[in-house]
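Please walk through this structure with attention to its side-chain contacts and its backbone.

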Amino acid sequence: MLQGGKYIKVEPGVELFVQDVGNGDPILFIPGWTFTTEVFHKQVEHFQKTNRVIAIDPRSHGRSSITMHGNDYATHGSDLAKVIEVLDLKDVILIGWSFGCLTMWEYIRQHGTKKLKSLVFIDLSAKPLSTNHEQDWVEGPLDEIAAVYTHYLRDSERQREFVAAYAAEVMVQRELEEHELNWIIEQSLKTPHYIAANLFASGMFSDYREEAKLASESVPTLTVIAEHWADKAKRFVERHAPKSAVKVLGGHMMFWEHDEKFNRIIEQFIND
């Protein structure tokens with residue numbers, strides 16, 4: 001078990017694995033689609049020197065319970081609320097990566113921002129799909145997104161194929177070593193393909209533009225964007241979360257590949 005690992009019951013029969021280390025103002029990390037606490041190991045190692053650092057495996061991810069219900073971001077938002085309640089967190093800095101941002105926006109939809117000190121959204125649009133993919137910040141053209149759901153998330157072999165391609169082409173800018181690619185793939189495959197498909201659809205059909213605006217107006221907010229779609233993404237954030245600060249860095253998994261630069265960005269944001 002990771003250092004500081006514990007389990008929190010969010011409902012009967014469902015436990016979330018939580019890493020909880022360090023002391024000070026709390027920072028809570030939420031991983032993206034099918035990923036786990038482990039992706040943030042460089043942030044946990046760095047920030048636990050100055051802060052209480054919490055990272056969670058969402059339900060049906062990593063060490064958490066694999067369940068046949070609640071695999072959607074409305075439930076992930078209420079699960080996050082339970083974690084914050086059980087750990088008695090106040091003035092928490094929430095940091096979500098990719099679909100982890102959906103969990104944050106859903107939490108804000110359900111509970112507002114009164115327990116939150118600041119927010120960091122890592123590289124996800126508040127509306128991941130649009131019929132106008134040429135102009136809007138989206139995950140991709142509708143046909144490509146449909147192909148992921150109808151083809152690549154039909155079994156674990158094709159899930160592995162999809163994650164491998166996405167890691168090499170979008171997540172990381174340099175060429176991955178074999179053991180690194182295998183680690184990324186293994187992270188994802190801890191979530192069975194049939195649950196991964198449900199989460200994928202739930203996330204893609206989300207629309208949290210109202211919550212993105214509310215968040216940016218209520219507490220200090222930072223959006224960190226990958227370089228490959230920076231222009232579209234910056235325009236989207238300026239329109240829908242106008243008071244959010246914006247930083248551009250690396251690929252989709254920039255916090256892992258460029259961890260020192262990323263950690264400095266977060267430190268500066270927190271200190272400011």
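**Loops, charges and rings**

Asp123 lies in the loop between β6 (116-122) and α4 (142-152). Helices (H or I, at least four residues) and strands (E, at least two) are DSSP runs, numbered from the N terminus. This is a predicted model: local features need pLDDT of at least 70, side-chain atom pairs count only at pLDDT 80 or more, and totals for chains, interfaces and linings use all residues. Residues are numbered from 1 along each chain as its sequence is written, and side-chain values use heavy atoms, with hydrogens and water left out.

Stay with Asp123. Its phi is positive, about 60°, although Asp123 is not a glycine. Most residues other than glycine have a negative phi. Is Asp123 buried or exposed? Asp123 counts as buried, at 0% relative accessibility. Buried means under 20% relative accessible area, exposed over 50%, and partly exposed in between (1.4 Å probe, protein chains only).

Asp88 also has a positive phi, near 55°, and is a residue other than glycine. Asp88 sits in the loop between α2 (73-86) and β5 (92-97). At 53% relative accessibility, Asp88 counts as exposed.

Now the charges. Side chains of opposite charge can pair when their charged atoms come close. A salt bridge is a side-chain nitrogen of Lys or Arg within 4 Å of a carboxyl oxygen of Asp or Glu. How many salt bridges does the structure hold? There are 16.

One of them joins Asp259 to Lys42, with the closest N and O atoms 3.8 Å apart. This pair links distant parts of the chain: Asp259 is in helix α11 (residues 259-271), Lys42 is in helix α1 (residues 41-47), and 217 residues separate them. Lys42 is partly exposed, at 23% relative accessibility.

Arg209 pairs with Asp207 in another salt bridge, where the closest N and O atoms are 2.7 Å apart. Arg209 is partly exposed, with a relative accessible area of 32%. Asp207 is partly exposed too, at 31%.

Glu217 and Lys213 form a salt bridge as well (2.7 Å, N to O). Which element holds this pair? Both residues are in helix α8 (residues 209-218). They are four residues apart, so about one helical turn separates them. Glu217 counts as partly exposed at 39% relative accessibility, and Lys213 counts as partly exposed at 40%. Elsewhere, salt bridges that share partners join Lys6, Asp20 and Arg52 into one network.

Turn to the rings. A pair of aromatic rings is described by the distance of the centres and the angle of the planes. Rings of Phe, Tyr and Trp (its six-membered ring) pair if their centres lie within 6.5 Å; planes under 30 degrees apart count as stacked, over 60 as edge-to-face and the rest as tilted. By this rule there are 16 aromatic pairs.

Trp33 and Phe200 make an edge-to-face pair, 6.0 Å centre to centre, with 70° between the planes. This pair, too, links distant parts of the chain. Trp33 is in the loop between β3 (26-30) and α1, Phe200 is in helix α7 (residues 193-204), and they are 167 residues apart. Trp33 is buried, with a relative accessible area of 10%. Phe200 is buried at 6%. One aromatic cluster consists of Phe29, Phe35, Phe40, Trp97, Phe255 and Phe262.

Finally, charges over rings. A charge sits over a ring if NZ of Lys or CZ of Arg is within 6 Å of the ring centre and within 35 degrees of the ring normal. Arg63 lies over the face of Phe17, 5.0 Å from the ring centre. The charged end of Arg154 sits over the ring of Tyr149, at 5.1 Å from its centre.
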